[in-house]
Amino acid sequence: MALSQAGMKVLMLEAGSPIKPARDFHHTFLYQLDYRGRGKPGLLRRYSGSERNYRIMIDNEENPYTTSPGTVYRWGRSRCLGGRSLHWARASDRMADYEFKAASRDGYGMDWAISYADIKPYYDRVERFIGVSAAAEGLPQFPDGVFLPVMPLNCAEAIFTAACKDLGWPSTHRRLAQLTQMHNNRPPCHYCGNCVNGCDVGAMFSTVSATLPVALKTGNLEVRTDSVVARVRMNSENRAQGVTYIERYTMKTVDVDAKYVILAASTLENTRLMLLSAKGGLANGSGTLGHYMMDQVGGGGVSGFLPKLKGGPSRLDDGKSAGITVPNLVNIDKKTARKDFIRGYVMNATGGQSEFPSFAAGLPGYGSAWKNEVKSRYVAQARVWIAGGEMLARKENFVELDPEVKDHWGIPVLKIHFTHCDNDRKLLAHFQEKAEELFKRAGGETMAGMGHHGPVGFPGAPGSPDKSLPDAGLPGEGVRRGTAASGPSRGASKEGGPRGGVSRKDTLGSSIHEVGTARMSANPQEGMLNSFCRTHEIPNLYVFGGNAFPSTGDKHPTLTMMALAARGCDHLLEQAKAKT
Ligand SMILES: Cc1cc2nc3c(=O)[nH]c(=O)nc-3n(C[C@H](O)[C@H](O)[C@H](O)COP(=O)(O)OP(=O)(O)OC[C@H]3O[C@@H](n4cnc5c(N)ncnc54)[C@H](O)[C@@H]3O)c2cc1C
Ligand code: SF4
């Protein structure tokens, strides 16, 4: 958007189909769907998501990936115009200065090549444009920004807020890129609760509702959908000449040239393209391309009921997807320093009724007494989940090209090598302890077995592709060699929350916050990108997304990705002015 507004001619190549929110997104009840939301048998194995939203997810058969033997990696992807911004959970938090300087503080890993002061003006700019509903709290570990009014708390959230106060913990409204008032020609949210299936009015931020219309209006942007970029082409002067793409349906190969090339196909796809573009990887003198892959630590949590709310009236809890956030409590200063693990995590809590009482199947009993019990508990559901837990960057977590498996267009796919370390597990264990403490203080009653049909449908169960379905999970587990993804995961995603009761430890790495693999570094020997997300080695090649992150921090990553992209665009414009 920034480039086309500055007068540059921009060509955007998108591998997936075009999307028009008003045409493609509808409000449907489960009973209106052919398969009551569960999808045609086999269909949701091939695609991810649910019957309501699989069109904005990805065709796993066309786009497989593989994982190292014995490991599972669930990679949440979208292949259509707008990508995952069409169904993301909209949580938009700024990283704090202590996260950018984590290595200097605890000696592990590498600091970012920027500080909070460098990125602050870009956080301001992004928030001003996208619209983030939030409350200012003045907490150093959770920097405030340019905010729209908050959505009011529902009853369960008010109970959790009071519990936090009792415990002496800070808490605030979840910070969401979801409009509470008219903003930049986009209407406020009407609380239909359809976000994960696509917002027809553009009240939640997505690129198709916010950035692309503005960019297209300049007349400087051309969007070519169904165009699968296969590699970057170089010229003899060590500059990117352009890219080669394959037309999705005709399989025709097309070369396009450009003065500047920006990879913005999502973190791991960007890295795949750089691996595909040169032996040993493009711009990879540092040898770091593909390495230091991270996600955020997820899993665990608590779910059940708040007895105070049992038997209450039905409310529109699932129309409002907020929840509360408990900012990081550990390793912020000397007082909160832990001896057993480094870094921190953020918790969320919410509750109330959902479209589908998925806990009912686990509730013992039968007949009218059972139905009354379901009805009584339906409005009292509650849960605490981890929003983002910092996962450590380790070189041995990496992606490479699979030597055998190719996608539908004959392009080698990624093979992902991804495991967790003791620190990740200890951090999750500490979260679990604190989640149970909060749930107990709120008077919560856990329900064993609730999780199997876990609270995917909860309001504020943002990671869940469908708010009403027990099975509507993320794309399946990492593909075993050469096969399509093994189908939607059962239970909720990391952001979809715990699986019920005091939850079992979920498989770490239900990835939706994947970052790293082309980290930024002050020194070209230690990373791929400079602080503007431009490759150290190729002066006209930029990489936008989560690639640059040398560490994950404990915040949701996308606001930082957007701020980095805005900063990178400013740099590119300066470069263009200087004709470099
Ligand atoms: C369920 C879910 C919930 C989430 N919730 C949050 C949240 O609350 N807060 C948060 O900060 N983050 C959240 N995330 C993460 C967030 O969605 C991503 O960080 C963000 O979308 C990344 O943006 P991106 O543009 O880099 O990638 P994407 O949104 O994945 O977009 C990549 C685009 O590139 C296209 N593409 C891919 N390969 C090619 C190719 N070879 N050629 C051409 N085009 C290509 C894709 O079709 C797509 O349009 C969530 C993710 C998921 C899955
Ligand atoms: S709840 Fe609001 S943001 Fe979500 S789909 Fe409905 S109108 Fe859009």
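Buried here means under 20% relative accessible area. By that criterion Tyr542 and Phe544 are both buried in this predicted model.

**Aromatic pairs**
- The structure contains 12 aromatic pairs.
- In one of them, Phe100 and Trp112, the ring centres lie 5.0 Å apart and the planes stand at 85°, so the pair is edge-to-face.
- This pair links distant parts of the chain, 12 residues apart: Phe100 belongs to helix α4 (residues 97–100), while Trp112 lies in the loop between α5 (102–106) and α6 (116–130).
- Phe100 and Trp112 are both buried.
- The ring centres of Tyr542 and Phe544 are 6.1 Å apart with planes at 65°; because angles over 60 degrees count as edge-to-face, this pair is edge-to-face as well.
- One aromatic cluster is made up of Phe100, Trp112 and Phe549.

**Ligand 2**
- The shell around ligand 2 includes Gln178, His190, Tyr191, Asn194, Met204 and Gly319.
- Cys189, Cys192, Cys195 and Cys199 are also among the residues surrounding ligand 2.
- By class, this shell has 7 nonpolar and 5 polar residues, and no charged ones.

**Cavities**
- Over the whole structure, 8 cavities of 30 Å³ or more are found.
- The largest cavity has a volume of about 80 Å³, and ligand 2 sits in it.
- Its lining consists of 14 residues, with Gln178, Cys189, Cys192, Cys195 and Cys199 nearest the centre of the cavity.
- The lining of the largest cavity divides into 7 nonpolar, 6 polar and 1 charged residues.

How values were computed:
Residues are numbered from 1 along each chain as its sequence is written. Chains are lettered from A and ligands numbered from 1 in the order in which they are written. This is a predicted model: local features need pLDDT of at least 70, side-chain atom pairs count only at pLDDT 80 or more; totals for chains, interfaces and linings use all residues. Side-chain values use heavy atoms; hydrogens and water are left out. A residue is near a molecule or strand if one of its heavy atoms lies within 4 Å of it. On a 1 Å grid over the protein atoms alone, a cavity is a set of points where a 1.4 Å probe fits but cannot get out, and a pocket is an open set with protein on both sides within 12 Å along at least five of seven lines; lining residues have an atom within 4 Å of a point. A molecule sits in a cavity or pocket if more than half of its atoms lie within 2 Å of its grid points. Ala, Val, Leu, Ile, Met, Phe, Trp, Tyr, Cys and Pro count as nonpolar, Asp, Glu, Lys and Arg as charged, and the others, Gly among them, as polar. Grid points are joined across faces, edges and corners, and a volume is the space filled by probe spheres set on the points. Rings of Phe, Tyr and Trp (its six-membered ring) pair if their centres lie within 6.5 Å; planes under 30 degrees apart count as stacked, over 60 as edge-to-face and the rest as tilted. Helices (H or I, at least four residues) and strands (E, at least two) are DSSP runs, numbered from the N terminus. Buried means under 20% relative accessible area, exposed over 50%, partly exposed in between (1.4 Å probe, protein chains only).
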